[in-house]
Structures are given as structure tokens and as C-alpha cells.
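User: Please take me through this structure one feature at a time, giving the general idea and then the case at hand.

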Amino acid sequence: MCFLDLATGQAFETQNLKGKLLLLNLWAAWSPATAKELPELIALQEKFSGKGLLVLGVCLDDAPPAGLLVFAERQGIRYPLVRPGETTLDQLNPIETIPYTLLLNPEGKILQRFRGPFKPSEVREAIEKNL
């Protein structure tokens, strides 16, 4: 799956993340439910990154990157932020709401979907089961 790095606009390929469990969080700065999930996403990245998890924030907001990066900094986000590539959303459909979170195995197969705001215990359990 191909994304574009929010800060640089350069390609961000998930194929380069060999062996990583991927938690994709589709978000928008205008969504109050997005803000509600952020502390848990930050905690998941901190707790499980050393064990093979990568949280990836997929921005669906049309706002300019600079404003989104300021938003992310204020929220304390330290995991990578990207925009979807041309066909990425087609590969992830159906996307039912914003925020929307997907857990993918290292081969890119969707293991589980979470309609947002997600229940932290359900996401933690799915991560622990698949690490």
C-alpha cells in the first residue's frame, strides 16, 4: 500500500515495513471523535512499537499539511502521518466513518476493523493476539 508522507509529500510504502503489524487510523482534524482516540493511539504506539507494531495516521482531511502537522504536534502525536495514495482507500474499503481504524498483518491483510471512536480494550486485545 502506498501513502504520501504528510510532512514531505514523499512516497511512504508499507512494503518497507517488513515484519510489522500495522494499525492504520484514518482521521481528520475536524472530527471530535478523532481527538478522542488520539491519547489511546499514542499509548499503543509507545507500548507496542518495540514489539513490532507501527501506528500510522492516515489523514483524510483536505487542510494544508502545515496546519495538520501543528494539530498533530499539539496533540502529542509521534507516529508517522500520511495521506492516502491514489488507490489506497479502494484497497481499504469499506470505510464506514471517520475515524476508522484497521489492523493489518505484515503481509497487508486486514485482520480487524474498528469503527471510531474505537474501544481501547478491543484494539489492545487484537494487537496482543497478533504480535
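**Reading the sheet and its surroundings**

Analyst: Strands (E, at least two residues) and helices (H or I, at least four) are DSSP runs numbered from the N terminus, and two strands pair if DSSP finds at least two bridges between them. The model is predicted, so local features need pLDDT of at least 70 and side-chain atom pairs count only at pLDDT 80 or more, while totals for chains, interfaces and linings use all residues. Residues are numbered from 1 along each chain as its sequence is written, and side-chain values use heavy atoms, with hydrogens and water left out.

User: Which strands do the two bridges join?

Analyst: They link β4, residues 53-59, to β5, residues 81-84, and these two strands run parallel. β4 also pairs with β3 in the parallel sense, over seven bridges, and in that pairing Leu26 has Val58 of β4 as its bridge partner.

User: What order do the strands of the open sheet have?

Analyst: The seven strands follow the order β2-β1-β5-β4-β3-β6-β7, and their pairing is mixed. At the edges stand β2 (11-13) and β7 (110-115), each of which has a single partner strand, so one side of each lacks a neighbour in the sheet. On average, neighbouring strands of this sheet are turned by 35 degrees against each other, direction ignored.

User: Which way do the residues of β3 point?

Analyst: In a regular strand, side chains alternate between the two faces of the sheet. From β3, Leu21, Leu23, Asn25 and Trp27 point one way, whereas Leu22, Leu24 and Leu26 point the other way, and all are buried. Buried means under 20% relative accessible area, exposed means over 50%, and partly exposed lies in between (1.4 Å probe, protein chains only). Because seven of the seven residues of β3 are buried, this strand is largely enclosed by the rest of the structure.

User: Is Thr34 buried or exposed?

Analyst: Thr34, which is found in helix α1, is buried, with a relative accessible area of 1%. Contact means heavy atoms within 4.5 Å, and, leaving aside its neighbours within four places in sequence, Thr34 is in contact with Trp27, Ala28, Ile98 and Pro99. By contrast, Lys51, in the loop between α1 and β4, is exposed at a relative accessible area of 55%.

User: At what angle do the axes of α1 and α4 cross?

Analyst: Axes are lines fitted to C-alpha atoms, for helices over the stretch in contact, with angles from 0 to 180 degrees between N-to-C directions. The axes of α1 (residues 32-48) and α4 come within 11 Å and cross at roughly 25 degrees. The two helices are therefore roughly parallel to each other, a term for angles under 35 degrees. On the α1 side the contact is made by Glu40, Ala43, Leu44, Lys47 and Phe48, and on the α4 side by Pro120, Val123, Arg124, Ile127 and Glu128.

User: Which strands does helix α4 lie across?

Analyst: Helix α4, residues 120-130, lies across β3, β4, β6 (100-104) and β7, and runs at about 170 degrees to β7. Helix α2, residues 65-75, lies across β3 (21-27), β4 and β5, at about 140 degrees to β5.

Definitions and conventions:
Parallel < 35°, antiparallel > 145°, perpendicular 65-115°, else oblique.
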